[in-house]
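Hi,

Here is the structure I said I would pass on. Have a look at it first, and my notes follow below.

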Amino acid sequence: MNMRVEDHPILGVLDNESDGVRVVVDGEALQARPGEVIAATLMAHGRSVFRYTNRRGEPRNLFCGIGRCTDCVMTVDGIPNVRTCVTVVRDGMVVETQRGNGAWGRCDDGR
Amino acid sequence: MTAVDIAVVGAGPAGLSAAIEGARSGASVLLLDENDKPGGQLFKQIHKFFGSREHRAGTRGIDIGTQLLSEARELSIDIWLNAEVCGVYDNNELAVVVNHSTSKTVRAGAIVLATGATENAVSFPGWTLPGVMSAGAAQTMVNIHRVLPGHRVLMIGSGNVGVIVSYQLLQAGADVAAIVEAAPSLGGYGVHTAKVRRAGVPFYTSHTVLKAEGADRVESAVIVELDKDWNHVPETEKTLAVDTICIAAGLTPLVELGRSAGCHVVFEPTLGGWIPAHDSYMETSVPAVFVAGDIAGVEEASTAMEEGRLAGIGAAAVLGYYGADERNALSQVVWNRLDALRSGPYGRKRREAKEVLLRAGENAT
């Protein structure tokens with residue numbers, strides 16, 4: 001599913017994405033636009049569940065969009081509870097749907 | 001330890017204006033923002049602003065943002081991005097975390113808090129489902145990131161944010177199924193409301209959302225009529241097929257740093273809730289700590305910019321860059337514009353609430 005706004009009456013036609021970056025979300029490589037936040041990439045590809053809650057396993061995604069509510073947190077490069085609405089994508093970033101409080105994983109760069 | 005004349009927290013319209021005005025006086029200015037880009041919410045305001053020409057009416061928010069940034073650059077204002085201010089301590093010291101990793105201390109002669117506001121939530125069964133979000137989040141997605149949050153949207157709230165974001169969702173290609181408003185009359189400016197109405201979007205006044213339904217995201221919403229006592233009217237439920245519900249139910253000032261600084265706060269519901277009392281130069285009960293923009297009462301970007309100017313002038317004067325006469329003359333020009341922005345039926349209510357804050361501020365200092 002493509003949710004990109006390719007053409008816009010005020011903002012014009014979207015730039016070519018040839019210099020875009022790729023993020024790996026639950027094992028799937030997704031095209032992202034440089035400078036955008038992780039939540040935007042996920043939404044652009046029609047992914048609606050970012051995490052499942054701890055006790056009831058309920059789905060969640062973006063709510064406030066300014067880093068206040070923490071509803072949109074996911075595990076990013078092995079770090080749980082990263083706010084995807086204020087974290088900018090980086091080429092090769094590994095993003096995982098988070099269950100509950102998440103778990104610390106091994107980062108690719110060995111941090 | 002970094003030492004600076006004026007530290008401004010928040011690089012939105014108020015903070016940028018305060019920084020520019022402060023730097024014009026000759027003071028050194030450090031502007032801090034937790035985001036990776038300056039501008040606050042200005043760069044998603046793709047509509048033309050309202051007011052008179054001196055308020056830059058007829059100019060889109062996005063262009064005003066670009067203009068302010070280039071002024072800030074011309075004045076060599078130091079800007080720290082990805083810089084979260086965590087607390088305001090004695091001696092005007094700010095605790096800052098930069099890039100989520102480095103702690104820094106900034107000591108400032110004067111501080112301007114321009115932290116903005118956060119959107120209010122409305123809770124109803126299903127409100128945690130993916131697809132329910134604040135109107136501002138949807139606006140960021142379409143106008144900044146060029147992503148549609150959904151195909152068919154229900155907007156809760158008919159104030160300016162509700163109608164402006166509805167129109168911008170339409171511009172981006174979404175369908176707006178309805179705008180519901182709990183009050184018996186619409187809340188937004190006529191110019192914005194009329195555009196949405198002309199586009200064929202139905203408005204439901206005296207209505208609220210009863211619930212959202214769906215498995216992994218919103219699939220439908222049920223709305224219901226309200227009587228004059230805000231009770232649900234039986235058998236008036238309507239089910240709307242929507243995949244997105246946006247909430248535009250007002251904003252609450254982000255006053256944490258004001259409280260951290262020890263500012264006297266007062267409750268003023270018309271302007272969003274708890275707000276640091278301040279005088280007409282935007283100085284709070286704590287000497288040399290100023291507020292501007294939504295933290296000083298939720299209004300609009302145009303008023304936020306004027307308040308930012310007042311705070312910048314006030315902060316410069318506290319440090320001796322302006323004498324009292326110069327400060328008063330410069331401030332009066334800004335106050336004349338602010339009074340114009342706070343006129344008319346919508347503005348009057350805000351002005352009256354602001355006067356309560358100002359009285360509390362004059363008594364506290």
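This is a predicted model: local features need pLDDT of at least 70, side-chain atom pairs count only at pLDDT 80 or more; totals for chains, interfaces and linings use all residues.

Let's start in chain A, where A:R51 has A:R60 of β6(A) as its bridge partner. Residues are numbered from 1 along each chain as its sequence is written, while chains are lettered from A and ligands numbered from 1 in the order in which they are written.

Strand β5 (residues 51-52) of chain A pairs with β6(A) in the antiparallel sense, over two bridges. (Strands are DSSP runs of E with at least two residues, helices are runs of H or I with at least four, and both are numbered from the N terminus; strands pair if DSSP finds at least two bridges between them.) The open sheet here has three strands, ordered β6-β5-β10 in chain A, with mixed pairing. Its edges are β6 (59-60) and β10 (98-99) of chain A, each pairing on one side only.

Over in chain B, helices α7 (residues 301-318) and α8 (residues 324-341) pack at about 165 degrees, with axes 10 Å apart. (Axes are lines fitted to C-alpha atoms over the stretch in contact, and angles run from 0 to 180 degrees between N-to-C directions.) So α7(B) and α8(B) are roughly antiparallel, meaning an angle over 145 degrees.

Finally, the two chains touch: 27 residues of chain A and 26 of chain B take part, a contact being C-beta atoms, placed from the backbone, within 7 Å.

Cheers

Note on methods
Angles under 35 degrees count as roughly parallel, over 145 as roughly antiparallel, 65 to 115 as roughly perpendicular and the rest as oblique.
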